[in-house]
Amino acid sequence: MMTGNGYKRCKCRQDGRELGARCPKLRRANGSWNPHHGTWHGKEEVPAGPDGKRIYLRLGGFATETELVAFYEAAGRLLDIPEPGPEGHEARMEILSMVKAAHRKRAPLPAHEELQRKFQAGQPLRSITFGEYWNRWVERRRQLKDIRKSSLIVYLCHHDVHFGEILDHVRLDRIFVSTVERVFTRIDEKNAEILAARRSEDPDVRKSVRGPGSPGPRQNSEYRPRSESCWPPSCANTWSPSMPPPW
């Protein structure tokens with residue numbers, strides 16, 4: 001269990017140099033820590049990577065030793081989620097980065113249960129938007145070449161025309177069936193705009209919509225059940241990034 005191996009430092013200077021842990025004001029006359037001077041810092045070793053290089057979690061600025069120990073204990077539980085050894089190194093380094101970011105921003109640490117669930121499901125550990133996930137998914141398909149190029153072009157077209165503007169800024173864990181319904185609502189709105197432009201008496205307006213087609217009610221209704229059928233029974237109202245995009 002991580003405890004931080006706490007010690008105190010301060011910003012006092014002597015001859016232009018910071019004293020840090022050597023400041024005499026950090027301790028009382030009896031050798032105990034002075035609670036009114038300096039802040040608590042910690043240092044714990046994290047399992048080394050495949051190259052054997054030693055890795056440490058060094059953090060400071062804690063007001064009390066209790067606060068330091070509580071933070072390091074929680075951080076240690078998170079860092080224990082990946083399997084030990086080289087197999088879990090990449091995920092452990094990502095969690096280490098998340099711990100440092102939370103401390104730097106004075107934000108809560110990620111919830112252990114949620115992070116463990118994501119790791120076990122093979123989902124991204126960080127909260128990312130659909131747009132970020134989509135870009136990774138497309139790049140992965142291009143690298144693996146596991147789908148036909150023509151199919152990927154169709155997917156990209158659907159993204160750019162239909163659902164990208166609605167979903168790209170939404171976090172993956174905030175995508176619900178109601179979110180996807182907004183995609184279809186926007187398609188209906190675009191259809192109405194195109195049809196209105198085609199009926200316009202202005203030839204320039206009619207010309208502006210001559211090229212793009214629009215999915216009619218029948219095609220739109222075919223999209224809708226296919227999309228909703230992608231939700232598994234256990235996740236009736238949410239979409240999981242462990243599944244392929246439902247389009």
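Helix α3 is followed by glycine 122, whose phi is positive, near 75°; helices here are DSSP runs of H or I of at least four residues and strands are runs of E of at least two, numbered from the N terminus. The model is a predicted one, in which local features need pLDDT of at least 70 and side-chain atom pairs count only at pLDDT 80 or more, while totals for chains, interfaces and linings use all residues. Residues are numbered from 1 along each chain as its sequence is written, and side-chain values use heavy atoms, with hydrogens and water left out.

Within α3, which spans residues 112-121, the buried residues are His112, Leu115 and Lys118, where buried means under 20% relative accessible area, exposed over 50% and partly exposed in between, for a 1.4 Å probe and protein chains only. Seen down the helix axis, the buried residues of α3 fall within an arc of 135°, so they line one face of the helix; the arc is that of the directions from the helix axis to the C-beta atoms. An α-helix has 3.6 residues a turn, so residues three or four places apart point the same way. On the other side of α3, Glu113 and Gln120 are exposed, whereas the cover over its buried residues includes α1 and α2.

A nonpolar core is a set of buried Ala, Val, Leu, Ile, Met, Phe, Trp, Tyr and Cys residues joined through side-chain atoms within 4.5 Å. Of the 23 residues in this core, Leu57, Ile95 and Val99 touch the most other members. Apart from it lies another core, of 17 residues, including Ile128, Trp134, Ile166 and Ile187.

Leucine 57, leaving aside residues up to four places away in sequence, touches a set of residues that includes Met2, Tyr72, Leu79, Leu96 and Val99, contact meaning heavy atoms within 4.5 Å. Serine 97 lies in helix α2 and is partly exposed, with a relative accessible area of 33%. The C-alpha atoms of serine 97 and leucine 57 are separated by 9.7 Å, although the two residues are 40 residues apart along the chain.

Further along, the axes of α5 (residues 149-167) and α6 (residues 177-198) come within 9 Å and cross at roughly 130°. Among the residues of α5 that meet α6 are Val161, Phe163 and Ile166, and their counterparts in α6 include Val183, Arg186 and Ile187.

Note on methods. Axes are lines fitted to C-alpha atoms, for helices over the stretch in contact, and angles run from 0 to 180 degrees between N-to-C directions.
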